[in-house]
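User: I would like to learn how to read cavities, a chain interface and salt bridges in a model. Please take the features in turn.
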Amino acid sequence: MTTNKTFLGVPVARPKVGFFELSSCEGCQLQLLNNEATLLDFLSLVEIVRFREGMKEAGDEYEIAFIEGSITRADEEERLKNIRAKAKLVVALGSCACFGGVNQLKNRFNDLEWVKKEVYSSFPIDTQEVKPLSAVIKVDLEIYGCPIKKEEVERIVTALVLGEEIHHPQYPVCMECKARENICLFDLGEPCLGPVTRAGCDAWCPSNRLGCWGCRGPAPEANLARLQIIMAERGISPERMMDRLECFGGFADFVAEVKGKKEDGR
Amino acid sequence: MKISCDIDIKHLTRVEGHGNIRIVIQDGQVREASWEVVETPRFFEAILVGKHFENAPYLCGRICGICSIGHTLASIRAVENGFGIMPTVQTQRLRLLLKHMETLQSHILHIYFLAAPDYLGVGSVLPLTRSHPAVVQQALRLKLLANDICDEVGGRRLHPTRTVVGGFTMLPDRYRLGQFRQRLQASLADLDASVSLFRSFSIPDFQRETEFVSLNGNGDYPFIGGDLISTDGVVKKEQEYAAMTNEYMAEWSTSKLSRLSRKSFAVGALARINNNFAGLLPAAKVIAKELGLIPINHNPFMNVVAQLVECVQVVLESMQLIDDLLAVPWQEPRQAVEVREGIGVAAVEVPRGILYHCLHFDAAGRVVKADCVIPTSQNHANIRHDIEELAVFCAGQGKKDKEIELLAEMLVRAYDPCISCSVH
Ligand code: SF4
Ligand code: SF4
């Protein structure tokens, strides 16, 4: 580590970091560039040796690897294992990396051949069931969200650099939403997963009058049985609730249990 | 004459997604020149099947992190066209303002962070923070403004939250919108400075004649919906998009490819200006002319200049849109939605070119079939033919390996390809 930066007068190590992407929309990496106001400060915290979307140089020496996206092809598993072998710390960046993200919605069909045909007809194309990073390598830290929240990333990276412990909120989005004094989406007749989803986004969607879709996965001790009752009481169909629960893969176990079996494409 | 060179770029940098460039020249003859797309597909069109309509815009935004607003709006338009819903004037204005700000954000990101480093002789924007701090600051200011307005109108700069079928979940704050109007006015100085910066760039002098496809603005500058036109004289209706895109597969690409009157065509800022120069506002026209962009321009490197011209166009138009919005009292943000069996097609000009979404619905409003044709997928074949031509051009000029490599990279970057989006 290089030590030419100081924090409150104390020299701080600038870890070498690399950014990588598997199958994804690259939105989570873009969120980092979307930090216009603090981008330059953020960049001074770390030494970026690889960020293919933003720079030509491609260093192979990194201590922290931020990996976005999910695994959908064998060559991605290999790339991932190589990165794991080089990095001291692997961070899964965003819901695709943590749970499979929207990509894992293709796993809900019972026939992968149908999925391929639906998009590519008879053209041969290579794909496999979508997996999160943790299915293939050990992941040290997960940053949730589709997209990730830049303030949260900055907080986590700062803690990493300063060697502090990293805490994820233990309460659901619903608490953040109440704290912001929003109108409850259920009172507007909209479904919301705020009661069961892990907080940390500051109730991003409900504050914009959109019910939460659960992109950050379940809060610890999420009461899904109770959620089913609330939805039923409010006249929201099980289909709409399941659309949200299965959207990003965070609630995969519960969804599999409720659905029982996979869907036919046709 | 160039005797030989062997260029093999795996996973080109400073573009979105994964593509490879290969150029082999032996004894002055081009043996190989190719652009390859190796991105993994995510199968969005299959994912949508069986899903209720409200999932479509929410999921489709996730096709692309850079143009999530464009995808969301295209998907919404496809649903609304399928159900026969006509958005209110207020909704139309807000959507266009939102899309303009995505265009500004995306173009600025490309111009400054992805393309400019090549023209300034560095590998990324990082060294520029020291050598050209004022340039970086002006880029960040423009991008921040665009993103702030996206937050205000769409709820979030990336994967917007307020945009739904029927309109918006909530409206922006009128007072803040007025303040944004002032910041847009002030941003014109930064755009002026950008134009001066561009005057110092030497854009490679390379031409290859091709066909350019875009929406037809009918004297306006085109953005959402309308007829599809090409510089070879093709005219089609929005619903006839498949006859404009003619998708096919080839072994060198996991993205689908397109062709029309020739072996390939181009979409994007340059295509829009080549087809709709007359619709540019006078100030944008002056800048285009000053930077040597007069239709029909066949130099693909000029796409970056076309993007800058469009930045001026969308800033001026957005000021007008805000004036129009603030001149009247506001209606409800959202219209009622009634589902209907049928097919909805949407054509929208997004930063990288014309984007099509087509959705088939059953009587319950669930998706039966989905098709998305992405700007970059329409450009891939044209990029490949450009690379072939560039190799011949370089072989003839006896350029050095490093120069050829850089030119090839700059050529692909000029298209601002969004490769993961093209494969989706
Ligand atoms: S988590 Fe969402 S924003 Fe991030 S890469 Fe995946 S789809 Fe994109
Ligand atoms: S409100 Fe829900 S869906 Fe929205 S960002 Fe937060 S966790 Fe994700």
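Analyst: We go through the interface, then the salt bridges, then the cavities. Bear in mind that this model is predicted.

User: How is the size of an interface stated, and what is the area buried between chain A and chain B?

Analyst: The accessible area lost when the parts come together is often used to give the size of an interface. Here chain A and chain B bury about 5600 Å² between them, and carbon and sulfur atoms give 58% of that area. Of the area that chain A buries against chain B, 13% is supplied by E36(A), R52(A) and K56(A), more than by any other three residues. The contact involves 60 residues of chain A and 69 residues of chain B.

User: How many residue pairs are in polar contact between chain A and chain B, and which elements of chain A supply at least two residues each to the side that touches chain B?

Analyst: There are 28 residue pairs in polar contact between the two chains, counting pairs with both residues at pLDDT 80 or more. On the chain A side, the elements with at least two residues each are α1, α2, α3 (74-86), α5 (112-120) and α9 (238-245). The largest share, six residues, belongs to α5(A). Sorted by class, the side of chain A that touches chain B has 24 nonpolar, 12 polar and 24 charged residues.

User: How should I read the salt bridges, and how many does the rule find across the interface of chain A and chain B?

Analyst: Side chains of opposite charge can pair when their charged atoms come close. Eight salt bridges cross the interface of chain A and chain B; over all chains the structure holds 52. E239(A) and R366(B) are joined by a salt bridge with an N to O distance of 2.7 Å. Within chain A, K86(A) and D60(A) form another, with their closest N and O atoms 3.6 Å apart. K86(A) sits in helix α3 of chain A and D60(A) in the loop between β4 and β5 (64-68) of chain A, so this pair ties together parts 26 residues apart in sequence.

User: What about cavities: how many are there of 30 Å³ or more, and which residues lie closest to the centre of the largest cavity?

Analyst: A probe the size of a water molecule, rolled over the atoms, shows where empty space is left. The count is 10 cavities of 30 Å³ or more, and the largest cavity holds about 160 Å³ of space. Its lining has 15 residues, of which L33(A), L43(A), I48(A), F51(A) and L126(B) are closest to the centre. The largest share of this lining, three residues, comes from α2(A). By class, the lining of the largest cavity comprises 13 nonpolar, two polar and no charged residues.

Conventions:
Residues numbered from 1 in each chain as written. Chains lettered and ligands numbered in written order. Predicted model: local features only at pLDDT ≥ 70, side-chain atom pairs only at ≥ 80, totals over all residues. Heavy atoms only, no water. 1 Å grid on protein atoms, 1.4 Å probe; cavity = no way out; pocket = protein on both sides within 12 Å on 5 of 7 lines; lining within 4 Å. Points joined across faces, edges and corners; volume = space filled by probe spheres on them. Helix = DSSP H or I, 4+ residues; strand = E, 2+ residues; numbered from the N terminus. Nonpolar A, V, L, I, M, F, W, Y, C, P; charged D, E, K, R; others polar. Contact = heavy atoms within 4.5 Å. Buried area = accessible area lost by both parts, 1.4 Å probe. Salt bridge = Lys/Arg side-chain N within 4 Å of Asp/Glu carboxyl O. Polar contact = N/O pair within 3.5 Å; in protein donor to acceptor, adjacent residues only side chain to side chain.
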